[in-house]
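I opened this entry to look up the cross-links in the chain.

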Amino acid sequence: MHAEAILGRHSTLEVKSIHLGGLFHAEEEIQMTAAMPNFVGQLQGFVYNGHRYIDLVKSLGPELSSLPTTTFKLTARFVNSPPGSPYLPATFRSKHSYVGLPILKAYSSVFIDFRFKTLEPNGLLFYNGGKRSDFVAVELVNGHIHYVFDLGDGPITLRDKARIHMNDNRWHSVSIRRPGPKTHTLAVDESIEIYTASGNNMHLELEGILYVGGVFKDMYTRLPSSIASRSGFEGCIASVDLADTSPSLTEDAVVPSSLVVSGCEGPTKCSQNACANRGVCVQQWNAYACECDMTSFTGPTCYDESISYEFGNNKGLIQYNFPPGRQPDTEEDSIALGFVTTKSDAVLLRIESSTTQDYIEMEIVEGNVFTVYNVGTQDLPLGEVAVKVNDNNYHIVRFTRTGANATLQIDDYNVQTVSSIGHQSTVFTSMANIQVGGKIARNGRSRIERPFSGVIAGLSVNRLRVLDLAAERDPHINVRGDVQL
């Protein structure tokens, strides 16, 4: 480095220019190589008076002239060197955890570096509020980094343009800079976004603490509306660099958390037998969860028996009525239930519309399970004729619909499918009610037709646990006739 300086009467060093890797004569636009040879090799991490000039020039990219008071001349080229190992990593074990660091120093410039890895697509990474409407935030939204800030002229959001989603359990690097009063940059791995502000406010007046990994629960609803996050970050954050400090998220936290620990733990991985009864294992960071909706079972691993109701021989019905104004239109439906019966003909379940002839009906016909549905065009039947279910054994039925196409599976037998031909409607319009254990006659007399007798358990309709609601005496449930828990 060569600095041209003038010693004033107060012995102040006034730096006019900085030369890195060689000497350059600005007036003649020639490199001064006669007296001293230029450096040959690679340089990184150059810092002078707190300014990281190599990072600054790289973040500006082709916009080297965007800073009104500073001129850059670049004849070197940038190379991508593999990042080193993350330092000072910390694990955020829950979306409800966070730590607090001292206020972010960002009055006239912004410098935030960090690395992260996660399996979650959403979560708040950093937030520091300020006076009036000023704030700065970094969040993960649908697997992409959003840098959101407000200097008083309204919120601005920079988004990475990376082709991949960042919630892939790999380390990703984020660098945020404000190299000039109106210039803001966001670099995520190899993706760089540059924004030039048009407002008049030059200073970011922050106050309070810098939240890392989230904020306390009741604070999310009070965050600026331009911040999408409604939960914290779950995963690992490392290599945090805030210009003049590289804090440890555990040892330097002014607001610590027992759910944030040193090192990068996890993720705990799903295994083939993690969930019983064909439950679906859902990967989380420090644990896993089992989705049991299509199993007819319940509990943390889909092993526990679900709520069941016995339907007697004297006809009974459980009906769920969707609240007015909350009758869904669905393009996809998923239904699962378990049952025991000796009846060869009965209706297990029927879903009706309040405004159209749309319906889904799951029934037993001559001892075989069929599902017939109509979403506005024609009746489409789908059945399993190879399996008799009126044998007093426990059977599980799974039905899914996507548009006009559907699948049906009994126990572990082959999946039956139906695909529509030609133009078909795809939306079930205004679901009004779910009838369980029979169907109500449509002649206005409320008579139960084709009643079921036996036990029905673990019913899930689009993740709505109807029998659980009945056991809880939900006001939208009506239980009539020969039915008991």
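I looked up Cys292 and Cys302 and found that they form a disulfide, with their sulfur atoms 2.1 Å apart. The model is predicted. The torsion about this S-S bond is about -90°, so I noted the disulfide as left-handed. Cys292 sits in the loop between E21 and strand E22 (297-298), and Cys302 in the loop between E22 and strand E23 (304-305), 10 residues apart. Cys292 counts as buried at 7% relative accessibility, and Cys302 is buried at 0%.

I then asked how many disulfides the structure holds. The answer is three.

Next I took Cys275 and Cys290, which form a disulfide with sulfur atoms 2.0 Å apart. This link is left-handed, with -90° about the S-S bond. Cys275 lies in the loop between E19 and E20 and Cys290 in strand E21 (residues 288-291), so the pair ties together parts 15 residues apart in sequence. Cys275 is buried at 10% relative accessibility, and Cys290 is buried at 14%.

I also checked the disulfide that joins Cys236 to Cys264, S to S 2.0 Å. It is right-handed, with 95° about the S-S bond. Cys236 is in strand E18 (residues 235-241) and Cys264 in the loop between E19 and E20, so parts 28 residues apart in sequence are tied together. Is Cys264 buried or partly exposed? I noted Cys264 as partly exposed at 32% relative accessibility, while Cys236 is buried at 0%.

I turned to the charged pairs. My search of the whole structure found 17 salt bridges.

One of them is Arg278 with Asp412, the closest N and O atoms being 3.1 Å apart. Arg278 lies in the loop between strands E19 and E20 and Asp412 in the loop between strands E31 and E32, so the pair ties together parts that are 134 residues apart in sequence. Arg278 is partly exposed at 46% relative accessible area, and Asp412 is exposed at 63%.

I looked up Arg401 and Asp333, whose side chains meet in a salt bridge at 2.8 Å, N to O. Arg401 is in strand E30 and Asp333 in strand E25, so parts 68 residues apart in sequence are tied together. Arg401 is buried at 1% relative accessible area, and Asp333 is buried at 4%.

My last pair was Glu363 and Arg450, in a salt bridge at 2.6 Å, N to O. Glu363 is buried at 10% relative accessibility, and Arg450 is partly exposed at 24%. I found both in a network of salt bridges that also links Asp345, Arg350, Glu352, Glu361 and Lys439.

Methods. Residues are numbered from 1 along each chain as its sequence is written. This is a predicted model: local features need pLDDT of at least 70, side-chain atom pairs count only at pLDDT 80 or more; totals for chains, interfaces and linings use all residues. Side-chain values use heavy atoms; hydrogens and water are left out. A salt bridge is a side-chain nitrogen of Lys or Arg within 4 Å of a carboxyl oxygen of Asp or Glu. Helices (H or I, at least four residues) and strands (E, at least two) are DSSP runs, numbered from the N terminus. Buried means under 20% relative accessible area, exposed over 50%, partly exposed in between (1.4 Å probe, protein chains only). A disulfide is a pair of cysteine sulfur atoms within 2.5 Å.
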